[in-house]
Amino acid sequence: VDLRTPGYIFGAVGLVESYRGAFHDPEFLAFRGDAKEQPLYSVRFRQRDLWHDYRGSDSDTVAAEIFQSWLEPAGSESTAKPQGLCESKQLLP
């Protein structure tokens, strides 16, 4: 399975930094041949939250561009448009 969101951020809480535009999701294009445009966001995560044995600075971060369908508001089961903190989710087959 080719995932478009890095596995190390599944379930992690991050900060939506910016809206990147609306694009056709390559996952849908690759497997279903057709895709509606959906919002793409740049989301920043603290490295310490991703790797519990991380020994770098508390301020070290990593960013990922993630489609809205892979995001949900932090602490919520809602699929509303992300605002501020969000949590990435793992889609199971």
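Reader: Why does Arg48 count as partly exposed?

Author: Arg48 has a relative accessibility of 26%. Buried means under 20% relative accessible area, exposed means over 50%, and partly exposed is what lies in between (1.4 Å probe, protein chains only). So 26% puts Arg48 in the middle class. Before we go on: this is a predicted model, where local features need pLDDT of at least 70, side-chain atom pairs count only at pLDDT 80 or more, and totals for chains, interfaces and linings use all residues. Residues are numbered from 1 along each chain as its sequence is written, and side-chain values use heavy atoms, with hydrogens and water left out.

Reader: What makes Asp58 and Arg48 a salt bridge?

Author: The term asks for a side-chain nitrogen of Lys or Arg within 4 Å of a carboxyl oxygen of Asp or Glu. Here N to O is 2.4 Å, so the pair passes. Asp58 sits in the loop between H2 and E3 while Arg48 is in helix H2, 10 residues apart. Asp58 comes out at 47%, so Asp58 is partly exposed too.

Reader: How do you know what counts as a helix or a strand?

Author: They're DSSP runs numbered from the N terminus: helices (H or I) need at least four residues, strands (E) at least two. By that rule the chain has 2 helices and 5 strands, in the order β-α-β-α-β-β-β.

Reader: Why do Glu65 and Arg20 tie together parts of the chain?

Author: Their closest N and O atoms are 2.9 Å apart, which makes the pair a salt bridge. Glu65 belongs to strand E3 and Arg20 to strand E1, so the bridge joins parts 45 residues apart in sequence. With 42% for Glu65 and 44% for Arg20, both end up partly exposed.

Reader: Which residue forms a salt bridge with Arg46?

Author: That's Asp49, with 3.1 Å between the closest N and O atoms. Arg46 is partly exposed at 36%, and so is Asp49 at 37%. A search of the whole structure turns up 4 salt bridges.

Reader: How many aromatic pairs are there, and what makes Tyr8 and Trp51 tilted?

Author: There are 3. Rings of Phe, Tyr and Trp (its six-membered ring) pair if their centres lie within 6.5 Å; planes under 30 degrees apart are stacked, over 60 edge-to-face, and the rest tilted. Tyr8 and Trp51 have centres 5.2 Å apart and planes at 35 degrees, so they're tilted. Tyr8 comes from the segment before strand E1 (13-24), Trp51 from the loop between helix H2 (47-50) and strand E3 (61-67), so the pair ties together parts 43 residues apart. Tyr8 is partly exposed at 40%, as is Trp51 at 32%.

Reader: Why is the pair of Phe10 and Trp70 called stacked, then?

Author: Their planes stand at 10 degrees, with centres 6.0 Å apart, so the pair is stacked. Phe10 is in the segment before E1 and Trp70 in the loop between E3 and E4, 60 residues away. Trp70 has 1% relative accessibility, so Trp70 counts as buried.

Reader: Which residues touch the most other members of the largest nonpolar core?

Author: Ile9, Val43, Phe45, Leu50 and Ile66, out of 15 residues in that core. A nonpolar core is a set of buried Ala, Val, Leu, Ile, Met, Phe, Trp, Tyr and Cys residues joined through side-chain atoms within 4.5 Å. Strand E2 (37-46) and E3 each supply at least two of its residues. Leaving out residues up to four places away in sequence, Leu50 touches Tyr8, Ile9, Ala12, Phe45 and Val62; contact means heavy atoms within 4.5 Å. Across the 93 residues of the chain, 32% count as buried.

Reader: Is Gly75 buried or exposed?

Author: Gly75 reaches 79%, so Gly75 counts as exposed. Gly75 lies in the loop between strand E4 (71-73) and strand E5 (85-88). Its C-alpha atom is 9.0 Å from that of Val13, although the two are 62 residues apart along the chain.

Reader: Where is confidence lowest?

Author: In E5, with a mean of 56, while H2 is highest at 93. That's pLDDT, the predictor's confidence in each residue, from 0 to 100. The chain averages 78, and 76% of the residues score at least 70. Over residues 78-84 the pLDDT is below 50. Where pLDDT is low, the predicted coordinates should not be read in detail.
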